[in-house]
Amino acid sequence: GGGGDRIMRYFAGPLIMIGVWALLSDKKWDIRITSLSFPIYLIHMFFIDAANCVGLKGDDLSFLLLSVKYVIAVFGAAAVAMLVRRFLPNFARILFGGR
């Protein structure tokens with residue numbers, strides 16, 4: 001990859017955050033979704049590490065693959081958090097600090 005790819009990767013996170021922010025509605029979100037922010041923060045790195053183990057690691061990743069990797073990390077972490085809350089509610093309260 002050329003220098004443009006490297007520059008795009010450095011700016012990808014902030015640019016994606018700005019884009020998502022612009023697309024979001026001003027309507028109040030459901031508490032079931034907003035309450036996942038802290039669990040996602042706690043869990044997402046496990047998915048990133050797993051993606052690294054299966055080959056989605058390094059400077060040679062395209063912007064698209066890098067984006068897919070982080071989308072999987074967020075949605076995977078959200079799914080795990082919801083499953084833990086549903087099937088292990090007492091553990092979830094301890095793990096997620098009652099959030």
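The legends below describe several views of one predicted protein model.

**View 1. Overall fold of the predicted model.** The protein holds five helices and zero strands, and from the N terminus on its elements follow the order α-α-α-α-α, where helices (H or I, at least four residues) and strands (E, at least two) are DSSP runs numbered from the N terminus. Its radius of gyration, taken over C-alpha atoms, is 16 Å, well over the 13 Å that the globule rule (2.2 Å times the number of residues to the power 0.38) gives for 99 residues, so the protein is more spread out than a compact globule. Along the principal axes, the C-alpha trace spans about 50 × 35 × 15 Å.

**View 2. The largest nonpolar core.** Nine residues form this core, namely Leu-36, Ile-40, Ile-43, Ala-77, Ala-78, Ala-81, Val-84, Ala-92 and Phe-96, a nonpolar core being a set of buried Ala, Val, Leu, Ile, Met, Phe, Trp, Tyr and Cys residues joined through side-chain atoms within 4.5 Å. Helix H3 (37-53) and helix H4 (63-87) are the elements that give two or more residues to this core, and the largest share, four residues, comes from H4. Buried residues (under 20% relative accessible area, 1.4 Å probe, protein chains only) make up 22% of the 99 residues in the protein.

**View 3. Contacts around Ala-92.** Apart from its neighbours within four places in sequence, Ala-92 is in contact (heavy atoms within 4.5 Å) with Val-84, Arg-85 and Gly-97. Across the protein, 69% of the contacts with a separation of 6 or more join residues 24 or more positions apart.

**View 4. Gly-76 in helix H4.** Gly-76 lies in helix H4 and is buried, with a relative accessible area of 14%. Between Gly-76 and Ile-43, which are 33 residues apart in sequence, the C-alpha to C-alpha distance is 8.6 Å.

**Notes.** Residues are numbered from 1 along each chain as its sequence is written, and side-chain values use heavy atoms, with hydrogens and water left out. In this predicted model, local features need pLDDT of at least 70 and side-chain atom pairs count only at pLDDT 80 or more, whereas totals for chains, interfaces and linings use all residues.

Conventions: Buried < 20%, exposed > 50% of the residue type's maximum accessible area, 1.4 Å probe, protein only.
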